[in-house]
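Here is a short tour to read alongside the structure. Have a look first, and then we can go through some of its features together.

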Amino acid sequence: MKSFHGKVFFVNFLSFFSHNPLQSRRTEGHGKLWLDLGDPGVFRRSGGPQDRWQDHGMGLLRTILKKEGVETDMFSLRSLRSWDQLPKKLAGYDQLVMNVRSYTFPFAYKAACTFKEVNPRGLVLVGGMHATVSPDEMEASEVFDRICQGGGEKDITGLLKDPLAYPRVFAGQGARSMEDWPMLDRTLWPDPRRRDFPWPLEPPCGWGPAPVATVVTSRVCPWKCVFCNESSYIPNMKRKSVDQVIEELNYLDDAHGPIGSVVIHDSMFFQQPRWLEEWLDKYPRKTHKPWPYWAAGRSDTVRQWPGLFEALVRETNWNTISLGFESGSDRVLKILNKECTVEDNCFAIDLLNRIGDDLERQGAEPPRFWANVMLGIPGETREDAFDTMRMVHRMKRVFKSIAYYAPYPGSALGYQLIAEGKSLMSRENYHRYPSDEKVKGVDYKFYNELLAGKHDHEIHRGLVASEKA
Ligand code: B12
Ligand code: SF4
(Lines give C-alpha, C1' and ligand atoms only; values in the text may rest on other atoms or scores of the structure.)
(Ligands and ions follow the chains in the order given, each with its own letter.)
Protein backbone atom coordinates (compact mmCIF):
# COMPACT_ATOMS: atom_id res chain seq x y z
CA MET A 1 0.00 0.00 0.00
CA LYS A 2 1.22 3.51 -0.77
CA SER A 3 0.17 6.63 0.99
CA PHE A 4 -1.53 9.48 -0.79
CA HIS A 5 1.27 11.72 0.57
CA GLY A 6 4.78 11.48 -0.77
CA LYS A 7 7.89 10.70 1.20
CA VAL A 8 9.12 14.29 0.83
CA PHE A 9 6.21 15.59 2.76
CA PHE A 10 6.77 13.02 5.48
CA VAL A 11 10.37 14.12 6.08
CA ASN A 12 9.37 17.79 6.27
CA PHE A 13 6.59 16.89 8.57
CA LEU A 14 8.78 15.07 11.09
CA SER A 15 11.22 17.93 11.18
CA PHE A 16 8.30 20.18 12.09
CA PHE A 17 7.50 18.01 15.10
CA SER A 18 11.04 17.84 16.35
CA HIS A 19 10.74 21.59 17.01
CA ASN A 20 7.36 21.46 18.65
CA PRO A 21 7.55 20.70 22.40
CA LEU A 22 3.90 19.80 22.79
CA GLN A 23 3.94 17.40 19.89
CA SER A 24 7.26 15.85 20.78
CA ARG A 25 5.73 14.74 24.08
CA ARG A 26 3.07 12.98 22.06
CA THR A 27 5.63 11.38 19.73
CA GLU A 28 6.61 9.14 22.65
CA GLY A 29 3.45 7.36 21.61
CA HIS A 30 1.22 6.98 24.61
CA GLY A 31 -2.06 8.30 23.40
CA LYS A 32 -5.12 6.62 21.97
CA LEU A 33 -6.95 8.55 19.31
CA TRP A 34 -10.51 7.77 18.20
CA LEU A 35 -10.90 9.08 14.69
CA ASP A 36 -14.48 9.90 13.72
CA LEU A 37 -15.02 9.13 10.03
CA GLY A 38 -17.00 11.13 7.50
CA ASP A 39 -16.56 13.54 4.64
CA PRO A 40 -13.62 15.83 5.38
CA GLY A 41 -14.76 19.37 5.93
CA VAL A 42 -18.48 18.88 6.54
CA PHE A 43 -18.12 20.19 10.10
CA ARG A 44 -16.40 23.30 8.75
CA ARG A 45 -18.62 24.33 5.89
CA SER A 46 -22.36 23.99 5.72
CA GLY A 47 -22.99 20.49 4.41
CA GLY A 48 -25.87 18.05 4.09
CA PRO A 49 -27.30 17.55 7.59
CA GLN A 50 -27.06 13.76 7.37
CA ASP A 51 -23.34 14.05 6.68
CA ARG A 52 -23.06 15.86 9.98
CA TRP A 53 -24.93 13.39 12.14
CA GLN A 54 -22.98 11.91 14.98
CA ASP A 55 -21.91 8.27 15.24
CA HIS A 56 -23.75 6.26 17.89
CA GLY A 57 -21.37 3.29 17.67
CA MET A 58 -18.39 5.49 18.50
CA GLY A 59 -20.40 7.37 21.15
CA LEU A 60 -21.41 4.14 22.85
CA LEU A 61 -17.93 2.63 22.84
CA ARG A 62 -16.27 5.83 24.07
CA THR A 63 -18.87 6.04 26.86
CA ILE A 64 -17.98 2.47 27.89
CA LEU A 65 -14.25 3.27 27.71
CA LYS A 66 -14.67 6.34 29.86
CA LYS A 67 -16.65 4.40 32.47
CA GLU A 68 -13.93 1.77 32.53
CA GLY A 69 -11.16 4.31 32.96
CA VAL A 70 -9.63 4.24 29.48
CA GLU A 71 -9.03 7.67 28.03
CA THR A 72 -9.23 8.34 24.32
CA ASP A 73 -8.71 11.59 22.47
CA MET A 74 -11.09 12.44 19.69
CA PHE A 75 -10.64 13.99 16.30
CA SER A 76 -13.13 14.05 13.46
CA LEU A 77 -12.15 13.80 9.80
CA ARG A 78 -15.19 15.99 9.29
CA SER A 79 -13.28 18.85 10.92
CA LEU A 80 -10.36 18.61 8.49
CA ARG A 81 -9.77 21.59 6.26
CA SER A 82 -7.79 19.40 3.85
CA TRP A 83 -6.16 15.98 3.88
CA ASP A 84 -2.76 17.67 4.25
CA GLN A 85 -3.66 18.51 7.85
CA LEU A 86 -4.22 14.90 8.82
CA PRO A 87 -0.63 13.78 9.58
CA LYS A 88 -0.34 16.53 12.17
CA LYS A 89 -3.55 15.43 13.85
CA LEU A 90 -2.46 11.79 14.01
CA ALA A 91 1.18 12.19 14.99
CA GLY A 92 2.33 11.01 18.39
CA TYR A 93 -0.40 8.51 19.13
CA ASP A 94 0.28 4.85 19.62
CA GLN A 95 -3.27 3.74 18.83
CA LEU A 96 -5.71 4.81 16.16
CA VAL A 97 -9.28 3.53 16.72
CA MET A 98 -12.07 3.69 14.13
CA ASN A 99 -15.66 2.55 13.51
CA VAL A 100 -15.58 1.57 9.83
CA ARG A 101 -18.71 1.22 7.71
CA SER A 102 -18.47 0.28 4.05
CA TYR A 103 -19.22 3.81 3.03
CA THR A 104 -16.40 5.16 5.20
CA PHE A 105 -13.89 2.43 4.34
CA PRO A 106 -11.94 4.56 1.81
CA PHE A 107 -11.49 7.25 4.49
CA ALA A 108 -10.47 4.70 7.12
CA TYR A 109 -7.91 3.21 4.76
CA LYS A 110 -6.45 6.57 3.87
CA ALA A 111 -6.31 7.62 7.53
CA ALA A 112 -4.68 4.33 8.57
CA CYS A 113 -1.99 4.76 5.89
CA THR A 114 -1.25 8.27 7.12
CA PHE A 115 -1.18 7.09 10.73
CA LYS A 116 1.38 4.40 9.89
CA GLU A 117 3.56 6.94 8.13
CA VAL A 118 3.71 9.27 11.07
CA ASN A 119 3.69 6.59 13.80
CA PRO A 120 5.44 3.57 12.26
CA ARG A 121 5.14 1.63 15.50
CA GLY A 122 1.55 2.67 16.20
CA LEU A 123 -1.38 0.26 15.99
CA VAL A 124 -4.60 0.71 14.05
CA LEU A 125 -7.58 -0.92 15.79
CA VAL A 126 -10.81 -1.14 13.88
CA GLY A 127 -14.31 -2.51 14.17
CA GLY A 128 -17.71 -1.65 12.74
CA MET A 129 -19.96 -2.81 9.95
CA HIS A 130 -17.31 -3.09 7.23
CA ALA A 131 -15.02 -5.07 9.51
CA THR A 132 -17.99 -7.36 10.11
CA VAL A 133 -19.04 -7.92 6.50
CA SER A 134 -15.75 -7.50 4.64
CA PRO A 135 -12.98 -8.74 6.93
CA ASP A 136 -11.07 -10.11 3.91
CA GLU A 137 -10.82 -6.67 2.35
CA MET A 138 -9.57 -5.26 5.65
CA GLU A 139 -7.21 -8.16 6.32
CA ALA A 140 -5.65 -7.64 2.90
CA SER A 141 -4.66 -4.10 3.94
CA GLU A 142 -1.68 -4.46 6.26
CA VAL A 143 -2.38 -1.06 7.81
CA PHE A 144 -5.16 -2.54 9.96
CA ASP A 145 -3.55 -4.28 12.97
CA ARG A 146 -6.61 -5.53 14.84
CA ILE A 147 -9.98 -6.08 13.18
CA CYS A 148 -13.05 -6.69 15.34
CA GLN A 149 -16.06 -8.30 13.70
CA GLY A 150 -19.43 -7.71 15.37
CA GLY A 151 -20.26 -5.79 18.52
CA GLY A 152 -17.49 -4.20 20.55
CA GLU A 153 -19.21 -3.53 23.89
CA LYS A 154 -17.46 -6.29 25.84
CA ASP A 155 -14.08 -6.12 24.07
CA ILE A 156 -13.33 -2.47 23.50
CA THR A 157 -11.68 -1.88 26.88
CA GLY A 158 -9.55 -5.04 26.76
CA LEU A 159 -8.55 -4.31 23.19
CA LEU A 160 -7.36 -0.78 23.88
CA LYS A 161 -5.58 -1.85 27.06
CA ASP A 162 -3.77 -4.80 25.52
CA PRO A 163 -4.24 -5.04 21.75
CA LEU A 164 -1.52 -7.63 21.26
CA ALA A 165 -3.48 -10.11 23.36
CA TYR A 166 -6.01 -10.30 20.50
CA PRO A 167 -5.61 -12.15 17.19
CA ARG A 168 -5.50 -9.92 14.11
CA VAL A 169 -9.15 -10.68 13.21
CA PHE A 170 -11.49 -11.60 16.03
CA ALA A 171 -15.19 -11.86 16.86
CA GLY A 172 -16.24 -9.17 19.32
CA GLN A 173 -18.84 -9.67 22.00
CA GLY A 174 -21.78 -7.28 21.93
CA ALA A 175 -24.33 -6.70 24.69
CA ARG A 176 -27.25 -9.15 24.81
CA SER A 177 -29.78 -6.37 25.24
CA MET A 178 -29.77 -2.68 24.38
CA GLU A 179 -31.01 -2.18 27.92
CA ASP A 180 -27.46 -3.01 29.02
CA TRP A 181 -26.07 -0.04 27.09
CA PRO A 182 -25.10 2.91 29.25
CA MET A 183 -26.74 6.19 28.32
CA LEU A 184 -24.47 7.82 25.72
CA ASP A 185 -22.27 10.58 26.99
CA ARG A 186 -22.82 12.82 23.98
CA THR A 187 -20.08 15.20 25.07
CA LEU A 188 -17.73 12.44 23.85
CA TRP A 189 -18.90 13.18 20.31
CA PRO A 190 -16.75 15.60 18.32
CA ASP A 191 -17.70 19.23 18.72
CA PRO A 192 -17.78 21.01 15.34
CA ARG A 193 -17.71 24.37 17.18
CA ARG A 194 -20.19 26.02 14.87
CA ARG A 195 -22.98 28.36 15.75
CA ASP A 196 -25.42 26.32 13.64
CA PHE A 197 -24.46 23.05 15.37
CA PRO A 198 -26.12 22.68 18.78
CA TRP A 199 -23.52 20.20 20.06
CA PRO A 200 -23.86 17.79 21.78
CA LEU A 201 -27.31 17.74 20.16
CA GLU A 202 -27.44 17.82 16.37
CA PRO A 203 -28.46 20.19 13.58
CA PRO A 204 -31.87 20.11 11.85
CA CYS A 205 -32.37 18.55 8.46
CA GLY A 206 -35.74 19.93 7.45
CA TRP A 207 -37.82 17.28 9.23
CA GLY A 208 -38.35 19.18 12.45
CA PRO A 209 -37.03 22.08 14.49
CA ALA A 210 -33.50 22.23 15.93
CA PRO A 211 -31.85 21.06 18.05
CA VAL A 212 -32.29 17.45 17.00
CA ALA A 213 -31.81 14.48 19.33
CA THR A 214 -30.95 11.29 17.46
CA VAL A 215 -31.65 8.02 19.28
CA VAL A 216 -31.48 4.30 18.55
CA THR A 217 -34.27 2.19 20.11
CA SER A 218 -33.78 -1.07 18.19
CA ARG A 219 -30.61 -2.50 16.71
CA VAL A 220 -31.70 -4.71 13.88
CA CYS A 221 -34.51 -5.18 11.38
CA PRO A 222 -35.62 -8.80 11.05
CA TRP A 223 -36.69 -8.69 7.38
CA LYS A 224 -34.45 -9.95 4.59
CA CYS A 225 -34.57 -7.57 1.65
CA VAL A 226 -31.66 -8.68 -0.53
CA PHE A 227 -30.10 -5.22 -0.76
CA CYS A 228 -29.90 -4.96 3.04
CA ASN A 229 -30.72 -8.08 5.15
CA GLU A 230 -28.84 -6.66 8.11
CA SER A 231 -30.17 -9.40 10.41
CA SER A 232 -27.75 -11.79 8.69
CA TYR A 233 -24.78 -9.84 10.07
CA ILE A 234 -26.10 -7.94 13.10
CA PRO A 235 -27.01 -10.29 15.95
CA ASN A 236 -30.51 -10.02 17.32
CA MET A 237 -30.68 -7.87 20.39
CA LYS A 238 -33.45 -6.94 22.79
CA ARG A 239 -34.85 -3.49 22.13
CA LYS A 240 -34.36 -0.63 24.60
CA SER A 241 -37.33 -0.26 26.90
CA VAL A 242 -39.76 2.55 26.17
CA ASP A 243 -39.01 4.00 29.61
CA GLN A 244 -35.28 4.05 28.90
CA VAL A 245 -35.76 5.91 25.61
CA ILE A 246 -38.07 8.46 27.22
CA GLU A 247 -35.71 8.90 30.16
CA GLU A 248 -32.84 9.61 27.76
CA LEU A 249 -34.86 12.17 25.79
CA ASN A 250 -35.98 13.97 28.96
CA TYR A 251 -32.40 13.97 30.23
CA LEU A 252 -31.16 15.46 26.95
CA ASP A 253 -33.89 18.08 27.06
CA ASP A 254 -32.82 19.11 30.59
CA ALA A 255 -29.08 18.85 30.13
CA HIS A 256 -28.59 20.11 26.59
CA GLY A 257 -31.99 21.23 25.29
CA PRO A 258 -34.58 22.36 24.82
CA ILE A 259 -34.91 19.65 22.16
CA GLY A 260 -36.71 20.73 18.98
CA SER A 261 -37.29 17.35 17.34
CA VAL A 262 -36.16 13.74 17.39
CA VAL A 263 -34.72 11.36 14.79
CA ILE A 264 -35.11 7.67 15.64
CA HIS A 265 -32.21 6.09 13.75
CA ASP A 266 -33.61 2.52 13.91
CA SER A 267 -33.53 0.68 10.61
CA MET A 268 -37.03 -0.49 11.53
CA PHE A 269 -38.95 1.47 14.16
CA PHE A 270 -42.41 0.13 13.21
CA GLN A 271 -41.93 -3.42 14.53
CA GLN A 272 -42.97 -5.28 17.68
CA PRO A 273 -46.56 -4.04 18.17
CA ARG A 274 -46.46 -4.48 21.96
CA TRP A 275 -43.48 -2.12 22.22
CA LEU A 276 -45.21 0.33 19.87
CA GLU A 277 -48.40 0.23 21.94
CA GLU A 278 -46.42 1.11 25.04
CA TRP A 279 -44.71 3.93 23.11
CA LEU A 280 -48.15 5.16 22.01
CA ASP A 281 -49.29 5.20 25.61
CA LYS A 282 -46.21 6.76 27.20
CA TYR A 283 -44.54 9.06 24.66
CA PRO A 284 -47.30 11.71 24.72
CA ARG A 285 -47.67 11.53 28.53
CA LYS A 286 -44.18 11.03 29.89
CA THR A 287 -41.88 13.05 27.65
CA HIS A 288 -41.41 16.73 28.53
CA LYS A 289 -43.05 17.40 25.18
CA PRO A 290 -44.15 15.04 22.41
CA TRP A 291 -41.42 16.26 20.04
CA PRO A 292 -42.10 15.57 16.36
CA TYR A 293 -39.99 12.69 15.12
CA TRP A 294 -38.67 10.84 12.07
CA ALA A 295 -38.84 7.04 12.13
CA ALA A 296 -38.97 4.15 9.65
CA GLY A 297 -41.52 1.49 8.74
CA ARG A 298 -42.61 -0.89 5.96
CA SER A 299 -45.76 -0.69 3.89
CA ASP A 300 -46.87 -4.31 4.53
CA THR A 301 -46.95 -3.81 8.29
CA VAL A 302 -48.72 -0.46 7.90
CA ARG A 303 -51.36 -2.49 6.08
CA GLN A 304 -51.27 -5.18 8.75
CA TRP A 305 -51.63 -2.75 11.70
CA PRO A 306 -53.32 0.34 10.19
CA GLY A 307 -54.97 1.37 13.48
CA LEU A 308 -51.69 1.32 15.37
CA PHE A 309 -49.97 3.21 12.56
CA GLU A 310 -52.64 5.91 12.43
CA ALA A 311 -52.67 6.32 16.21
CA LEU A 312 -48.87 6.70 16.30
CA VAL A 313 -48.98 9.33 13.57
CA ARG A 314 -51.81 11.28 15.17
CA GLU A 315 -51.01 10.90 18.86
CA THR A 316 -47.24 10.69 19.13
CA ASN A 317 -46.30 13.32 16.56
CA TRP A 318 -44.62 10.79 14.20
CA ASN A 319 -44.63 13.43 11.51
CA THR A 320 -41.92 12.24 9.09
CA ILE A 321 -42.61 8.67 8.14
CA SER A 322 -39.79 6.93 6.36
CA LEU A 323 -41.14 4.02 4.31
CA GLY A 324 -39.01 1.70 2.21
CA PHE A 325 -41.26 1.62 -0.86
CA GLU A 326 -38.27 0.88 -3.11
CA SER A 327 -40.26 0.15 -6.27
CA GLY A 328 -43.66 0.54 -7.90
CA SER A 329 -43.30 -2.78 -9.69
CA ASP A 330 -44.22 -6.14 -8.17
CA ARG A 331 -41.64 -7.83 -10.39
CA VAL A 332 -38.85 -5.67 -8.93
CA LEU A 333 -40.15 -5.96 -5.36
CA LYS A 334 -39.84 -9.74 -5.84
CA ILE A 335 -36.26 -9.40 -7.11
CA LEU A 336 -35.55 -7.44 -3.92
CA ASN A 337 -37.30 -10.00 -1.69
CA LYS A 338 -39.07 -6.99 -0.22
CA GLU A 339 -42.09 -9.10 0.81
CA CYS A 340 -44.25 -6.05 0.15
CA THR A 341 -46.48 -5.64 -2.88
CA VAL A 342 -47.43 -2.58 -4.91
CA GLU A 343 -50.85 -2.94 -3.29
CA ASP A 344 -49.23 -2.66 0.18
CA ASN A 345 -47.34 0.44 -0.99
CA CYS A 346 -50.54 2.04 -2.35
CA PHE A 347 -52.40 1.21 0.85
CA ALA A 348 -49.77 2.98 2.99
CA ILE A 349 -49.68 5.96 0.61
CA ASP A 350 -53.45 6.39 0.57
CA LEU A 351 -53.69 6.04 4.35
CA LEU A 352 -51.06 8.68 5.05
CA ASN A 353 -52.48 11.01 2.38
CA ARG A 354 -55.88 10.69 4.08
CA ILE A 355 -54.49 11.33 7.57
CA GLY A 356 -52.59 14.35 6.19
CA ASP A 357 -55.71 15.79 4.50
CA ASP A 358 -57.65 15.38 7.71
CA LEU A 359 -55.04 17.05 9.92
CA GLU A 360 -54.66 19.87 7.41
CA ARG A 361 -58.42 20.46 7.51
CA GLN A 362 -58.14 20.75 11.29
CA GLY A 363 -55.38 23.35 10.90
CA ALA A 364 -52.70 20.95 12.15
CA GLU A 365 -49.35 20.20 10.52
CA PRO A 366 -49.82 17.19 8.19
CA PRO A 367 -47.33 14.30 8.34
CA ARG A 368 -44.96 13.70 5.42
CA PHE A 369 -43.44 10.71 3.74
CA TRP A 370 -39.72 10.17 3.63
CA ALA A 371 -40.08 7.94 0.58
CA ASN A 372 -37.16 5.58 0.02
CA VAL A 373 -37.10 4.56 -3.59
CA MET A 374 -34.46 2.76 -5.62
CA LEU A 375 -33.74 2.84 -9.32
CA GLY A 376 -31.12 1.02 -11.35
CA ILE A 377 -31.87 -2.34 -9.76
CA PRO A 378 -30.39 -5.19 -11.84
CA GLY A 379 -33.25 -6.71 -13.82
CA GLU A 380 -35.42 -3.57 -13.71
CA THR A 381 -36.99 -2.55 -17.05
CA ARG A 382 -37.83 0.96 -18.18
CA GLU A 383 -41.53 0.25 -17.62
CA ASP A 384 -40.76 -0.85 -14.02
CA ALA A 385 -38.95 2.45 -13.46
CA PHE A 386 -41.89 4.43 -14.89
CA ASP A 387 -44.22 2.58 -12.49
CA THR A 388 -41.93 3.56 -9.60
CA MET A 389 -42.05 7.22 -10.59
CA ARG A 390 -45.85 6.98 -10.91
CA MET A 391 -45.99 5.59 -7.37
CA VAL A 392 -44.02 8.59 -6.10
CA HIS A 393 -46.56 10.92 -7.76
CA ARG A 394 -49.30 9.32 -5.70
CA MET A 395 -47.82 10.73 -2.47
CA LYS A 396 -49.19 14.13 -1.55
CA ARG A 397 -46.64 15.38 0.94
CA VAL A 398 -43.29 13.82 0.33
CA PHE A 399 -39.57 14.15 0.76
CA LYS A 400 -38.24 12.00 -2.07
CA SER A 401 -35.23 9.89 -1.19
CA ILE A 402 -34.40 8.37 -4.58
CA ALA A 403 -31.12 6.50 -4.92
CA TYR A 404 -29.52 4.20 -7.47
CA TYR A 405 -29.22 0.69 -6.07
CA ALA A 406 -25.81 0.10 -4.41
CA PRO A 407 -24.34 -3.42 -3.93
CA TYR A 408 -23.15 -3.08 -0.32
CA PRO A 409 -21.18 -5.99 1.10
CA GLY A 410 -23.15 -7.76 3.80
CA SER A 411 -26.32 -7.78 1.72
CA ALA A 412 -27.13 -10.94 -0.28
CA LEU A 413 -27.48 -9.12 -3.61
CA GLY A 414 -24.37 -7.05 -2.85
CA TYR A 415 -22.26 -10.16 -2.22
CA GLN A 416 -23.64 -11.77 -5.39
CA LEU A 417 -22.82 -8.80 -7.63
CA ILE A 418 -19.36 -8.44 -6.07
CA ALA A 419 -18.74 -12.15 -6.77
CA GLU A 420 -19.93 -11.71 -10.36
CA GLY A 421 -17.51 -8.79 -10.82
CA LYS A 422 -20.38 -6.39 -11.49
CA SER A 423 -19.94 -4.03 -8.54
CA LEU A 424 -18.37 -0.65 -9.30
CA MET A 425 -17.76 0.05 -5.61
CA SER A 426 -14.11 -0.19 -4.64
CA ARG A 427 -11.68 0.48 -1.81
CA GLU A 428 -10.96 3.88 -3.30
CA ASN A 429 -14.56 4.81 -3.88
CA TYR A 430 -17.59 3.31 -2.27
CA HIS A 431 -19.89 5.44 -4.45
CA ARG A 432 -21.93 6.62 -1.54
CA TYR A 433 -24.05 9.22 -3.21
CA PRO A 434 -27.55 8.56 -4.54
CA SER A 435 -26.69 9.25 -8.18
CA ASP A 436 -23.28 7.54 -8.39
CA GLU A 437 -22.96 4.65 -10.86
CA LYS A 438 -22.71 1.48 -8.83
CA VAL A 439 -23.31 -1.60 -11.00
CA LYS A 440 -21.90 -2.60 -14.38
CA GLY A 441 -24.46 -3.01 -17.14
CA VAL A 442 -27.07 -0.62 -15.71
CA ASP A 443 -28.19 2.07 -18.17
CA TYR A 444 -27.44 5.10 -15.98
CA LYS A 445 -27.90 7.44 -18.93
CA PHE A 446 -31.56 6.45 -19.05
CA TYR A 447 -31.96 6.88 -15.27
CA ASN A 448 -30.26 10.29 -15.29
CA GLU A 449 -32.64 11.37 -18.02
CA LEU A 450 -35.59 9.93 -16.11
CA LEU A 451 -34.69 11.99 -13.03
CA ALA A 452 -34.09 15.05 -15.18
CA GLY A 453 -37.72 14.81 -16.35
CA LYS A 454 -37.03 13.69 -19.91
CA HIS A 455 -39.53 10.82 -19.67
CA ASP A 456 -42.25 12.70 -17.80
CA HIS A 457 -44.69 12.30 -20.69
CA GLU A 458 -44.42 8.50 -20.31
CA ILE A 459 -44.88 8.69 -16.55
CA HIS A 460 -47.86 11.05 -16.83
CA ARG A 461 -49.55 8.78 -19.32
CA GLY A 462 -50.09 6.24 -16.55
CA LEU A 463 -51.33 8.69 -13.91
CA VAL A 464 -54.90 9.51 -12.92
CA ALA A 465 -55.80 13.23 -12.89
CA SER A 466 -55.36 13.73 -9.11
CA GLU A 467 -51.81 12.36 -9.25
CA LYS A 468 -50.66 14.70 -12.01
CA ALA A 469 -50.52 17.78 -9.78
C1 B12 B 1 -27.64 5.72 11.77
C2 B12 B 1 -27.28 5.13 10.43
C3 B12 B 1 -26.85 6.00 9.44
C4 B12 B 1 -26.60 7.48 9.69
C5 B12 B 1 -25.13 7.56 10.15
C6 B12 B 1 -24.79 8.70 11.06
C7 B12 B 1 -23.38 8.48 11.59
N8 B12 B 1 -22.55 9.45 11.48
O9 B12 B 1 -23.07 7.41 12.10
C10 B12 B 1 -26.86 8.07 8.28
C11 B12 B 1 -28.34 8.36 8.11
C12 B12 B 1 -26.05 9.28 7.88
C13 B12 B 1 -26.56 6.84 7.41
C14 B12 B 1 -26.32 6.94 6.08
C15 B12 B 1 -26.10 5.85 5.25
N16 B12 B 1 -26.09 4.56 5.62
CO17 B12 B 1 -26.37 4.01 7.42
N18 B12 B 1 -27.04 3.22 9.06
C19 B12 B 1 -27.38 3.74 10.17
C20 B12 B 1 -27.94 2.63 11.10
C21 B12 B 1 -29.46 2.62 10.94
C22 B12 B 1 -27.60 2.70 12.56
C23 B12 B 1 -26.09 2.84 12.85
C24 B12 B 1 -25.88 2.78 14.33
O25 B12 B 1 -25.78 3.79 14.99
N26 B12 B 1 -25.87 1.57 14.89
C27 B12 B 1 -25.70 1.36 16.32
C28 B12 B 1 -24.22 1.29 16.70
C29 B12 B 1 -24.08 0.95 18.17
O30 B12 B 1 -23.62 0.25 15.94
P31 B12 B 1 -22.23 0.37 15.15
O32 B12 B 1 -21.96 1.77 14.78
O33 B12 B 1 -22.18 -0.64 14.08
O34 B12 B 1 -21.14 -0.02 16.28
C35 B12 B 1 -21.09 -1.31 16.88
C36 B12 B 1 -20.19 -2.33 16.16
O37 B12 B 1 -20.06 -2.11 14.79
C38 B12 B 1 -18.89 -2.29 16.91
N39 B12 B 1 -17.87 -1.32 16.57
C40 B12 B 1 -17.97 -0.14 15.93
N41 B12 B 1 -16.81 0.48 15.87
C42 B12 B 1 -15.90 -0.28 16.49
C43 B12 B 1 -14.55 -0.07 16.70
C44 B12 B 1 -13.83 -1.04 17.42
C45 B12 B 1 -12.38 -0.85 17.65
C46 B12 B 1 -14.50 -2.20 17.90
C47 B12 B 1 -13.76 -3.22 18.67
C48 B12 B 1 -15.86 -2.40 17.66
C49 B12 B 1 -16.56 -1.44 16.96
O50 B12 B 1 -19.32 -2.04 18.23
C51 B12 B 1 -20.46 -1.16 18.23
C52 B12 B 1 -21.37 -1.61 19.36
O53 B12 B 1 -21.84 -2.93 19.11
C54 B12 B 1 -27.29 1.37 10.46
C55 B12 B 1 -28.07 0.07 10.64
C56 B12 B 1 -27.78 -0.59 11.96
N57 B12 B 1 -28.74 -1.34 12.43
O58 B12 B 1 -26.72 -0.45 12.56
C59 B12 B 1 -27.20 1.80 8.99
C60 B12 B 1 -26.08 1.27 8.13
C61 B12 B 1 -24.79 1.33 8.93
N62 B12 B 1 -26.00 2.24 6.96
C63 B12 B 1 -25.79 1.68 5.87
C64 B12 B 1 -25.77 2.35 4.63
C65 B12 B 1 -25.56 1.50 3.38
C66 B12 B 1 -25.93 3.74 4.55
C67 B12 B 1 -25.99 4.57 3.28
C68 B12 B 1 -24.94 4.26 2.25
C69 B12 B 1 -27.32 4.46 2.56
C70 B12 B 1 -28.42 3.90 3.34
N71 B12 B 1 -28.76 2.62 3.11
O72 B12 B 1 -28.98 4.60 4.17
C73 B12 B 1 -25.84 6.03 3.80
C74 B12 B 1 -24.42 6.59 3.54
C75 B12 B 1 -24.41 8.08 3.68
C76 B12 B 1 -23.16 8.66 3.11
N77 B12 B 1 -23.29 9.33 1.99
O78 B12 B 1 -22.10 8.51 3.67
C79 B12 B 1 -25.55 0.20 6.01
C80 B12 B 1 -24.05 -0.10 6.01
C81 B12 B 1 -23.71 -1.38 5.32
C82 B12 B 1 -22.23 -1.60 5.35
N83 B12 B 1 -21.84 -2.67 4.69
O84 B12 B 1 -21.47 -0.85 5.92
C85 B12 B 1 -26.29 -0.09 7.36
C86 B12 B 1 -25.80 -1.31 8.11
C87 B12 B 1 -27.80 -0.22 7.00
C88 B12 B 1 -28.12 -1.35 6.07
N89 B12 B 1 -28.46 -2.49 6.59
O90 B12 B 1 -28.07 -1.18 4.87
N91 B12 B 1 -26.62 5.70 8.15
S1 SF4 C 1 -34.52 -2.68 3.72
FE2 SF4 C 1 -35.70 -2.07 5.49
S3 SF4 C 1 -37.22 -3.70 5.74
FE4 SF4 C 1 -35.63 -4.51 4.41
S5 SF4 C 1 -34.24 -5.59 5.76
FE6 SF4 C 1 -33.42 -3.48 5.53
S7 SF4 C 1 -34.29 -2.27 7.19
FE8 SF4 C 1 -35.45 -4.19 7.02
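Predicted model: local features only at pLDDT ≥ 70, side-chain atom pairs only at ≥ 80, totals over all residues.

On the α10 side, Pro-273, Leu-276, Glu-277, Trp-279, Leu-280, Tyr-283 and Pro-284 meet Leu-308, Ala-311, Leu-312, Glu-315 and Thr-316 of α12. Sorted by class, the contact of α10 with α12 holds nine nonpolar, one polar and two charged residues.

How do the axes of α10 and α12 cross? They come within 10 Å, at an angle of roughly 20°. Because angles under 35 degrees count as roughly parallel, α10 is roughly parallel to α12. The crossing of the two helices is left-handed.

## Two nonpolar cores

The largest nonpolar core has 64 residues, and Ala-213, Ile-259, Val-262, Tyr-293, Leu-336 and Tyr-405 have the most contacts inside it. Strand β11 (residues 368–375) gives the most to this core, contributing five residues. A second, separate core has 40 residues, among them Ala-91, Val-97, Val-143 and Leu-159.

Beyond its neighbours within four places in sequence, Leu-336 is in contact with Cys-225, Val-226, Phe-227, Glu-326, Ser-327 and Ile-377.

## Backbone details worth a look

Glu-326, one of those contacts of Leu-336, is found in strand β10 and has a positive phi of about 65° although it is not a glycine. Glu-326 is buried, with 28 other C-beta atoms within 10 Å. Asn-317, in the loop between α12 and β10, has a phi near 70° and is buried, with 20 other C-beta atoms within 10 Å.

The loop between β6 and β7 holds Pro-200 and Pro-211. A cis peptide bond joins Trp-199 to Pro-200, with omega about 5°, and the bond from Ala-210 to Pro-211 is cis with omega near -15°.

Note on methods: Residues numbered from 1 in each chain as written. Chains lettered and ligands numbered in written order. Axes fitted to C-alpha atoms, helices over the stretch in contact; angles between N-to-C directions. Helix = DSSP H or I, 4+ residues; strand = E, 2+ residues; numbered from the N terminus. Parallel < 35°, antiparallel > 145°, perpendicular 65-115°, else oblique. Left-handed = near helix turned anticlockwise from the far one by under 90°. Contact = placed C-beta atoms within 7 Å. Nonpolar A, V, L, I, M, F, W, Y, C, P; charged D, E, K, R; others polar. Core = buried A, V, L, I, M, F, W, Y, C linked by C-beta atoms within 7 Å. Buried ≥ 20, exposed ≤ 12 C-beta atoms within 10 Å, placed from the backbone.
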